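Biologist: Could we go through this structure together, one part at a time?

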Amino acid sequence: KTLFVPSEKYSKELRVAITPSDAAKLSKLGWSVNVETNAGTGAGFADADYVNAGANIVSADFEKQADFVACVRKPSIESIKNRKQGSFHLSLLDPFNEKELIKAFADNNVTAASFEMIPRSTIAQKMDVLSSQANLAGYYSVLKAATTINKIMPMMMTPAGTISPLKVFVIGVGVAGLQAIATAKRLGARVEAFDTRPVVEEQVKSLGAKFVKIDIGETGQTAQGYAKALTPEQIELQQKGMAKVCAQSDIVITTAKLFGRKPPRLITEEMIAAMKRGSVIVDLAAESGGNVAGSKFGEIVETENGVKIIGDTTFESDVSASASQMYSANVYNFIEHFTNKETGFAVNLEDPIMNGCIVTSNGEIRDERFK
Ligand code: NAD
């Protein structure tokens with residue numbers, strides 16, 4: 001079967017869905033791997049690297065004849081219309097917000113798998129793009145804050161005096177938040193964190209950070225481990241509880257997300273107004289709507305009281321080689337998992353992973369939530 005890896009069309013996207021070394025592994029599995037000219041350039045891979053790995057370099061047109069297309073960001077509707085009937089597509093698709101796109105897959109009879117919908121199960125961890133990428137984004141959010149703020153992170157005792165360690169507050173302690181805590185600790189910061197899921201407290205403590213206790217009543221998580229949405233009253237209690245910690249922090253990193261919904265708005269203008277001049281906020285939810293009042297995706301906004309809100313959060317592209325290595329491994333593992341030596345790659349909707357992530361098949365949208 002033929003696999004096609006297009007170049008990413010969003011200008012800030014530097015990742016590539018398949019690295020040359022995974023292209024070689026896919027060839028061994030029996031795939032013909034076809035990569036669009038310059039698809040790997042942003043991640044540091046030349047066309048020649050793919051050719052050396054046994055792949056072909058092709059033009060964008062190749063999508064018309066591919067059996068399987070793998071990319072990072074959602075494709076255009078135009079591109080979906082070009083696809084072969086019955087072909088397979090795998091990428092991030094943001095299906096809760098991209099109903100027209102999902103409809104295009106169904107209308108053109110393309111079987112589309114959404115990386116966001118891979119179940120958070122032990123067996124599926126090897127193909128869990130949300131985790132592999134959030135881990136890197138969490139790491140890089142701290143580096144970005146550290147290089148934006150005009151202070152140093154660790155404590156330094158020198159003959160010229162003592163510099164206190166920075167205070168970092170991490171809000172939302174999923175995959176990204178845990179890595180942000182670990183990274184800030186490694187750089188010598190004093191770290192505090194909060195999450196609405198009570199199970200997180202132990203994880204925060206095990207990283208040597210302090211868990212901020214805020215009584216907001218009953219909270220919980222779904223069977224997949226995602227946070228449940230709070231009531232407006234609970235959000236208000238949370239904001240009150242966090243205001244003082246924010247005011248005392250040099251860096252605030254927000255990573256709070258709700259699966260299938262807009263991220264909660266957690267940091268208000270008043271809370272920012274009470275923060276110290278020169279403090280930095282990183283809003284890792286900026287692209288999907290933002291946790292922070294005034295944050296803008298793709299920009300660094302400076303408030304009147306001199307607080308910088310970082311919303312240019314395509315951090316995976318800042319570490320595009322590492323991010324592509326992991327993304328590509330997730331794609332490879334997906335394909336390999338569903339490839340049978342004799343019969344090749346097959347769609348099996350009885351399989352819990354495929355059942356979870358395939359959003360269109362046989363011309364139908366499989367999930368009411370995406371219609
Ligand atoms: P996510 O990106 O959906 O959300 C990030 C964090 O924001 C979560 O910890 C969430 O609880 C938190 N949050 C939501 N509302 C908040 C609020 N008002 N205030 C503060 N924090 C808030 O989460 P994620 O990183 O994708 O992880 C989701 C779950 O999946 C976790 O339970 C994680 O342990 C689990 N997980 C499981 C596997 C696996 O077993 N394969 C892999 C990765 C993650």
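Modeller: Asn-109 counts as partly exposed, because it has 16 C-beta neighbours inside 10 Å. Please keep in mind that this is a predicted model.

Biologist: Where does Asn-109 lie?

Modeller: Asn-109 is in the loop between helix 4 (99–107) and strand 6 (111–114). Its phi is positive, at about 55°, although Asn-109 is not a glycine.

Biologist: Where is Asn-38 found, and is it buried or partly exposed?

Modeller: Asn-38 sits in the loop between strand 2 and helix 2. Asn-38 is partly exposed, because 13 other C-beta atoms lie within 10 Å.

Biologist: Let us turn to the ligand. How many residues surround it?

Modeller: The ligand is surrounded by 31 residues, and the closest are Gly-172, Gly-174, Gly-225, Ala-227 and Ala-256. Helix 5 (129–148) and helix 6 (175–186) are the elements that give two or more residues to this shell. By class, the shell has 15 nonpolar, eleven polar and five charged residues.

Biologist: How do helix 5 and helix 6 pack?

Modeller: Two packed helices are described by the angle between their axes and the distance between the axes. For helix 5 and helix 6, the angle is about 35° and the axes are 7 Å apart. The crossing of helix 5 with helix 6 is right-handed.

Biologist: Which residues meet there?

Modeller: On the helix 5 side they include Ser-131, Ala-134 and Gly-138, and on the helix 6 side they include Val-175, Gly-177 and Thr-183. The contact has nine nonpolar, seven polar and no charged residues.

Biologist: Lastly, which residues of helix 1 are buried, and what covers them?

Modeller: In helix 1 (residues 20–28), the buried residues are Pro-20, Asp-22, Ala-23, Lys-25 and Leu-26. Their cover includes strand 1 (2–5), strand 2 (32–36), helix 2 (47–52) and helix 11 (320–337). Just after helix 1 comes Gly-30, with a positive phi of about 105°.

Technical notes
Residues numbered from 1 in each chain as written. Predicted model: local features only at pLDDT ≥ 70, side-chain atom pairs only at ≥ 80, totals over all residues. Near = placed C-beta within 6 Å. Helix = DSSP H or I, 4+ residues; strand = E, 2+ residues; numbered from the N terminus. Nonpolar A, V, L, I, M, F, W, Y, C, P; charged D, E, K, R; others polar. Buried ≥ 20, exposed ≤ 12 C-beta atoms within 10 Å, placed from the backbone. Contact = placed C-beta atoms within 7 Å. Axes fitted to C-alpha atoms, helices over the stretch in contact; angles between N-to-C directions. Left-handed = near helix turned anticlockwise from the far one by under 90°.
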